[in-house]
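Open your viewer and get ready to click through a protein, one selection at a time. Each stop says what to select and what is there.

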Amino acid sequence: MMSLIELKNVSKTFKGYTIFDDVSVAFEEGKCYGIMGPNGSGKSVLFKMMCQFVKPDVGEVSIDSRFLDSKARFPKDFGIIIDRPGYIPNKTGFENLKELASIKNDISDDKIEEVMRQVNLDPNLKQKMKNYSLGMKQKISIAQAIMEDQSVLILDEPFNGLDISGVETVRAILLGLKKRGKTIILTSHNKEDLDILCDAVFLIDQYKIIPRI
Ligand SMILES: Nc1ncnc2c1ncn2[C@@H]1O[C@H](COP(=O)(O)OP(=O)(O)OP(=O)(O)O)[C@@H](O)[C@H]1O
Ligand SMILES: [Mg+2]
């Protein structure tokens, strides 16, 4: 069976700086993978390549055709958090999610409210997002990534900025999604997050992606 996402002999440099050198790694459907690596090692670049937002210089990143749009150019059924996503500062969290929902499918207000409650955000909060704390913004990102019940979750540092209860909430959400057969690939600087959630953990080391033993 074909892997859901596969990197074959991928090399990537930025202005002569090597990020990846001849990396091959495969991610299977229905599993949860963790990626660890120091700041600047290439985790976010890896995720951008996995979502086809950034092309490798050499090699290939393939996505199972069932998860590509009709032109096979962009992934579909992916819930994505990479870096800090854009949001409209003068709108509330609910309004921002509604805006994002309207770009793709129409998700009901009820569904948006449900997902906001899941991440412990009050859907009726009148605060504009520019006044949200880091953790509150992070919760909106997570709500955005899961609100369409996507099959594949590409989550770059989903725990970043969350307080203890936020971490527990998001761990529980992700464990629940994993049980329901979702494919989850996430980064974290916290080993415990990855140990609790992941079937396999990879390290970015010396421009390679190697299994953590
Ligand atoms: N578009 C770009 N142009 C030039 N350099 C880039 C670009 N994107 C990333 N880089 C460089 O690639 C390297 C890896 O960046 P990346 O953001 O993937 O690191 P990271 O592992 O996600 O780090 P962090 O833990 O801080 O999030 C960095 O040195 C970064 O400066
Ligand atoms: Mg990063």
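## Stop 1: a residue in a helix

Select Val-170, which sits in helix α5; helices (H or I, at least four residues) and strands (E, at least two) are DSSP runs, numbered from the N terminus. Before going on, know that this is a predicted model, in which local features need pLDDT of at least 70, side-chain atom pairs count only at pLDDT 80 or more, and totals for chains, interfaces and linings use all residues. Residues are numbered from 1 along each chain as its sequence is written, while chains are lettered from A and ligands numbered from 1 in the order in which they are written.

Is Val-170 buried or exposed? Val-170 counts as buried, because it has 24 C-beta neighbours inside 10 Å. The cut-offs are these: a residue is buried if 20 or more other C-beta atoms lie within 10 Å of its own, exposed if 12 or fewer, and partly exposed in between, with C-beta atoms placed from the backbone.

Now show what Val-170 touches: leaving out residues up to four places away in sequence, these are Ile-142, Pro-158, Phe-159 and Leu-162. Two residues are in contact if their C-beta atoms, placed from the backbone, lie within 7 Å.

## Stop 2: two helices side by side

Select residues 134-146 for helix α4 and residues 164-179 for helix α5. Their axes are 12 Å apart and they pack at an angle of about 10 degrees. Axes are lines fitted to C-alpha atoms, for helices over the stretch in contact, and angles run from 0 to 180 degrees between N-to-C directions. The two helices, α4 and α5, are therefore roughly parallel to each other; angles under 35 degrees count as roughly parallel, over 145 as roughly antiparallel, 65 to 115 as roughly perpendicular and the rest as oblique.

Which residues make the contact? Colour Gly-135, Lys-139, Ile-142 and Ile-146 on α4, then Gly-166, Val-170, Ile-173 and Leu-177 on α5.

## Stop 3: around the ligand

## Stop 4: two loops

Go to Gln-52, in the loop between α1 and β4 (58-63). Its phi is near 70 degrees, a positive value in a residue other than glycine. Most residues other than glycine have a negative phi. Gln-52 is partly exposed, because 17 other C-beta atoms lie within 10 Å.

Next, select Leu-125, in the loop between α3 (109-118) and α4. Leu-125 touches Thr-92 and Gly-93, not counting residues up to four places away in sequence. Leu-125 and Thr-92 are 33 residues apart in sequence, yet 7.3 Å apart in space, C-alpha to C-alpha.

## Last stop: zoom out

Show the whole protein, with its 6 helices and 9 strands. The C-alpha trace spans about 50 × 40 × 35 Å along its principal axes. Of the 213 residues, 37% count as buried.
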